[in-house]
Amino acid sequence: FFVNTCDKDISAQEIHDRFEELEGKDVCIAGRIMSWRDMGRANFIDVRDSTDRIQVYVRMNDIGKENFKEFKKWDIGDIVGVKGFVFRTKKGEISIHAQEITLLSKALLQLPEKWHGLKDQDTRYRQRYLDLIVNPNVKQTFVTRSQIVREIRAYLDGIGYLEVETPVLLPLQIAAAARPFVTHHNTLDMDMFLRIETELNLKKLIVGGFDRVYEVGRIFRNEGMDPSHNPEFTTIEMYQAYTDYKGMMDLIEDLYKTVTEKVCGTLDITYQGTEIHMGKWTRLTMAEAVEKYSGLKYDDWKTDKEAREAAKAKGVELTHGEESTKGYVLIDLFDAFVEENLIQPTIIY
């Protein structure tokens, strides 16, 4: 660690949680300077580590004149190591009274201004590291995602699934209708394609004698992108012998309920201001869902022309125009009337 005289480094959150036990004792902490209050020969800096922020009191008399002179040259954004004792200020804030302070890594660029922060969505997505520095609440999304994937693995492993890895580079453009990324294999002198799904190779393993397999796999699709669609993303696909789609629906419901309770501690969660009840699920066929939200019955259409006329009467623009079959019309009606209403857990089949 950066200070040889300190037995153990500690987190900011741990100092806050264990203040009564740690008050007056030496601790070591490492983190990034997030704010600075200059009071001449004494300064207060806020240091944030991966868990929380902690105030640090730095005084010339404690760290020495030369060290203090160097300290005053540092900037917000620098990463520092601090050794000192824990105390509470007159205003009641838990802090560290620095006895040693060390510059561990220099920030070469200035952080966004404190009060306005980093608001631009494009910058936040392109410079995720900067987003994490100035918007620490974003970190919880990463933590929760990691917990979700871990619990999905634990669930599937617990019911006899085997996790596998299948090829990312494929010799053929196969399976889903998405456009692939193309690269060239120099040794074989042939074009290859980044996979757009994991399905086919997982099914080959089922053919080979594995009864239950899954993969947490990176997928690549050379298509449009926006804040909710990325050209590379992660899917979890699972395949099981000796069941049908109803058995897989049962599995999915139980998986979501189990993972939600493990990660969130409850089956009732809030997402974007809406209460989601993960314990209650609805199952609808696509035709049933369209009938429920648009009033149109798929089985009433005798011909493709009748289907197109029914959609036009509802003011729905057909993606395939006059070439639309009953099936394509159903998809367009689903997009127009159903999707926005699927708030609570629902399986469409």
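**Exercise 1.** What is the order of the open sheet of three strands, and which pairing does the sheet have?

*Solution.* First, the ground rules: this is a predicted model, where local features need pLDDT of at least 70, side-chain atom pairs count only at pLDDT 80 or more, and totals for chains, interfaces and linings use all residues. Residues are numbered from 1 along each chain as its sequence is written.

Strands here are DSSP runs (E, at least two residues; helices are H or I, at least four), numbered from the N terminus, and two of them pair if DSSP finds at least two bridges between them. Now read off the order: β7-β9-β8, antiparallel. At the edges sit β7 (169–170) and β8 (182–185), each pairing on one side only. Next, β8 and β9 (residues 190–194) share four antiparallel bridges, with V182 partnered by F193 in β9.

**Exercise 2.** Find the strand order of the barrel, then look at β3 and β5.

*Solution.* Five strands close up as β1-β2-β3-β5-β4, with mixed pairing. Then zoom in: β3 (residues 53–59) runs parallel to β5 (residues 94–105) over three bridges, and V56 faces I96 in β5.

**Exercise 3.** Work out which element gives the largest share of the lining of the largest pocket.

*Solution.* A pocket is an open set of points on a 1 Å grid over the protein atoms alone where a 1.4 Å probe fits, with protein on both sides within 12 Å along at least five of seven lines; lining residues have an atom within 4 Å of a point. There are 50 of them here, with T141, R145, S228, T234 and Y271 closest to the centre.

Technical notes
Heavy atoms only, no water.
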